[in-house]
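The following note sets out numbered points on the model shown below. Please read each point with the coordinates open.

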Amino acid sequence: MTKEENATKEQETESLQNLTDREIVAMFQERNEHAIDALSAKYGRYCFKIAYNILENEEEATDCINDAWLQLWNTIPPAVPKDLRFYTVSVIRNLALNRFKYQTRKKRSGNFGTLLSEMDDFVGEIPDVFDEIQLKALMQTVNDFLHALPRQECAVFIRRYFYAESAKDIAIALHLKESNVFVILSRVRKKLKKKLQKEGFLS
């Protein structure tokens with residue numbers, strides 16, 4: 001590729017990155033073939049990091065991203081995400097989790113295996129068989145719990161257990177000591193367990 005072609009490519013990428021979420025969603029709705037390019041330019045690196053945090057394998061993370069773009073193309077429309085970033089991350093995370101579960105077959109290793117083990121002390125107590133109403137109630141309880149937390153505690157918890165970031169990365173991003181991150185996570189897990197017990201989700 002020549003220097004001129006490289007420059008043109010960089011300009012196109014920068015132009016796509018500057019599109020608003022609303023504009024990108026509109027491109028999906030119009031079945032514009034550049035919608036995925038725009039989404040990838042804006043959130044591709046971030047999504048890859050989340051997939052890699054879970055799968056810890058570049059090839060698997062890349063495959064996960066490609067599967068996510070296809071799923072997003074097939075679901076928008078009819079879906080009209082109000083928060084495109086969160087919607088995209090949710091799809092990436094769910095696909096990565098499914099891959100992780102399939103590959104490990106209950107064998108936990110690496111950063112994400114450690115992450116799951118951190119939650120074992122009470123998540124394992126939640127019944128596997130919940131009907132749709134119970135699951136919605138559980139999700140609402142967790143959401144309410146997170147919204148009530150101090151901002152820093154909420155940020156640490158979400159970064160760890162939703163975005164699968166390491167304690168080291170969280171500490172750097174939030175200007176904390178790594179030891180403080182572990183203390184916060186432990187404190188919030190205890191609070192959440194108490195909340196779930198109070199609401200009847202745990203015995």
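1. Salt bridges overall. A search of the whole structure returns 7 salt bridges, the term denoting a side-chain nitrogen of Lys or Arg within 4 Å of a carboxyl oxygen of Asp or Glu. The model is predicted, so local features require pLDDT of at least 70 and side-chain atom pairs count only at pLDDT 80 or more, while totals for chains, interfaces and linings use all residues. Residues are numbered from 1 along each chain as its sequence is written, and side-chain values use heavy atoms, with hydrogens and water left out.

2. The pair Arg99 and Glu60. These two residues form a salt bridge whose closest N and O atoms are 2.6 Å apart. Arg99 belongs to helix H5 (residues 84-104) and Glu60 to helix H4 (residues 58-75), so the pair ties together parts that are 39 residues apart in sequence. Helices here are DSSP runs (H or I, at least four residues), numbered from the N terminus. Arg99 is partly exposed at a relative accessible area of 21%, and Glu60 is partly exposed at 22%. In this scheme buried means under 20% relative accessible area, exposed means over 50%, and partly exposed lies in between, with a 1.4 Å probe and protein chains only.

3. The pair Asp67 and Arg99. Asp67 also forms a salt bridge with Arg99, the closest N and O atoms being 2.9 Å apart. Asp67 lies in helix H4 and Arg99 in helix H5, so parts that are 32 residues apart in sequence are tied together by this pair. Asp67 is partly exposed, with 36% relative accessibility.

4. A salt bridge joins the side chains of Glu153 and Lys191 at 3.0 Å, N to O. This pair links distant parts of the chain, 38 residues apart, with Glu153 in helix H9 (residues 151-161) and Lys191 in helix H11 (residues 178-198). Glu153 is buried, its relative accessible area being 8%, whereas Lys191 is partly exposed at 36%.

5. The buried face of H9. Which residues of H9 are buried? They are Glu153, Cys154, Val156, Phe157, Arg160 and Tyr161. Viewed down the axis of H9, these buried residues fall within an arc of 165°, so they line one face of the helix; the arc is taken over the directions from the helix axis to the C-beta atoms.

6. Packing of H10 on H11. At what angle do the axes of helix H10 and H11 cross? The axes of H10 (residues 167-174) and H11 come within 8 Å and cross at roughly 105°. Axes are lines fitted to C-alpha atoms, for helices over the stretch in contact, and angles run from 0 to 180 degrees between N-to-C directions. H10 and H11 are therefore roughly perpendicular to each other, a class that covers 65 to 115 degrees. Ala167, Lys168, Ile170 and Ala171 of H10 meet Glu178, Val181 and Phe182 of H11, contact meaning heavy atoms within 4.5 Å. The residues of this contact of H10 with H11 divide into 5 nonpolar, no polar and 2 charged. Under this classification Ala, Val, Leu, Ile, Met, Phe, Trp, Tyr, Cys and Pro are nonpolar, Asp, Glu, Lys and Arg are charged, and the others, Gly among them, are polar.

7. The two sides of H10. Ala167, Ile170 and Ala171 are buried in H10. They cover an arc of only 100° around the axis, which puts them on the same side of H10. The buried residues of H10 pack against H9 and H11. The face turned away from the buried side of H10 carries the exposed residues Lys168 and Ile172. Just after H10, His175 takes a positive phi of about 60°.

8. Surroundings of Met27. Met27 is placed in helix H2 (residues 21-29) and is buried, with a relative accessible area of 11%. Leaving aside residues up to four places away in sequence, Met27 touches Leu19, Asn32, His34, Ala35 and Ala38. The C-alpha atoms of Met27 and Ile76 are separated by 9.6 Å, with the two residues 49 residues apart along the chain.

9. Surroundings of Thr141. Thr141 sits in helix H8 (residues 132-148) and is buried at a relative accessible area of 10%. Not counting residues up to four places away in sequence, Thr141 touches Lys195, Leu196, Glu199 and Phe201.

Definitions and conventions:
Angles under 35 degrees count as roughly parallel, over 145 as roughly antiparallel, 65 to 115 as roughly perpendicular and the rest as oblique.
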